[in-house]
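Please consider the protein and its ligand shown here.

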Amino acid sequence: MNSVRGKWALITGATSGIGKATSDLLAKNGCNIIITGRRADKLEATHHIIEEKYGIKVLSYCFDVRNLNQCAELANDLSEREIVPDILINNAGLASGKSKIQEGLIAEWEKMIDTNIKGLLYITRCILPAMIDKNEGHVINIGSTAGHTVYPEGNVYNATKFAVKALNEAINLDLAGTNVRCCSIDPGAAETEFSVVRFHGDEEKAKKVYKGYTPLAAEDIADAILYVLQTLPHVNITNLVMYPTAQRSVYVWDKKL
Ligand code: NDP
Ligand code: 8X3
């Protein structure tokens with residue numbers, strides 16, 4: 001087993017959902033964590049709870065991954081502290097709205113493209129060179145089953161996750177000859193704040209997405225991430241797709257409504 005104990009993991013979007021659960025699980029396993037997010041109160045709370053619970057080192061940076069300067073500031077600060085992340089988890093992301101392309105809101109498209117694609121690229125560009133210089137490290141990109149199959153009214157969100165799939169493959173090609181590994185973890189429906197954000201705070205509408213079956217929990221995805229990270233250095237799992245048992249594809253569900 002390749003332990004995460006004593007390593008440094010940078011997890012973007014750790015104020016809720018998958019990022020928060022992953023931060024907790026890695027810290028529980030002795031990993032030091034660097035967490036990010038825009039909501040200062042939630043970030044601070046996660047920082048203090050995890051630090052107290054597990055006694056590992058925690059650094060937190062409150063910023064928007066859409067801002068290249070702020071991504072670069074994070075990388076500079078880590079470099080000044082002489083920290084090279086052993087693990088980078090590109091998790092920060094969102095869906096904003098769900099509508100036919102001919103009715104789509106440009107501002108929502110830009111938010112998804114800027115966060116899910118450009119934010120992932122900015123962070124990767126700022127952090128990956130130090131991992132390559134050290135010739136070790138593991139990048140985990142959180143994609144989605146929405147990046148394998150499109151669904152009605154998913155259009156631009158689907159496109160951003162197809163882009164994550166392509167970038168994950170491209171990063172792996174460009175890392176050939178190094179010991180740095182790269183994997184995209186692509187979940188189906190997971191009950192987090194994802195749908196509340198997608199439906200702009202409409203809790204009722206969000207709840208309906210997870211009605212009649214057991215969705216994935218954020219912790220299930222954290223387990224999968226830890227599994228991938230714990231494989232031996234000569235093993236590179238490049239893609240892991242996971243659905244709830246009640247969902248076999250973006251179209252095939254077993255819902256008891
Ligand atoms: P949550 O809404 O619970 O978490 C999203 C996280 O991303 C939050 O911590 C949020 O923090 C952060 N975030 C969003 N936008 C930005 C930004 N511009 N800058 C910095 N941080 C940002 O949803 P999930 O945990 O479900 O989502 C995590 C990832 O998993 C996303 O990439 C999503 O696409 C993907 N995914 C989710 C699935 C699901 O069904 N839930 C399934 C497949 C993939 P803050 O608001 O504080 O900035
Ligand atoms: C989130 C899963 O199916 O809502 O990526 O797009 S889905």
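Predicted model: local features only at pLDDT ≥ 70, side-chain atom pairs only at ≥ 80, totals over all residues.

Residues are numbered from 1 along each chain as its sequence is written, chains are lettered from A and ligands numbered from 1 in the order in which they are written, and side-chain values use heavy atoms, with hydrogens and water left out.

Q: Is the pair of Tyr213 and Trp253 stacked or edge-to-face?
A: Rings of Phe, Tyr and Trp (its six-membered ring) pair if their centres lie within 6.5 Å; planes under 30 degrees apart count as stacked, over 60 as edge-to-face and the rest as tilted. The count is 2 aromatic pairs. For Tyr213 and Trp253 the centres are 5.2 Å apart and the planes stand at 70 degrees, so the pair is edge-to-face.

Q: Is Tyr213 buried or exposed?
A: Buried means under 20% relative accessible area, exposed over 50%, and partly exposed in between (1.4 Å probe, protein chains only). Trp253 has a relative accessible area of 33% and is partly exposed. For Tyr213 the relative accessible area is 9%, so this residue is buried.

Q: How far from an oxygen atom of ligand 1 does a polar side-chain atom of Thr192 lie?
A: A polar contact is a pair of N or O atoms within 3.5 Å; within protein, one must be able to donate a hydrogen and the other to accept it, and residues adjacent in sequence count only if both atoms are side-chain atoms. A side-chain N or O atom of Tyr157 is 2.7 Å from an oxygen atom of ligand 1. For the polar side-chain atom of Thr192, the distance to a ligand 1 oxygen atom is 2.6 Å.

Q: Which residue forms a salt bridge with Lys134?
A: A salt bridge is a side-chain nitrogen of Lys or Arg within 4 Å of a carboxyl oxygen of Asp or Glu. The whole structure holds 8 salt bridges; among them, Asp64 and Arg66 meet at 2.7 Å, N to O. For Lys134, the closest N and O atoms are 3.2 Å apart, and the partner is Asp86.
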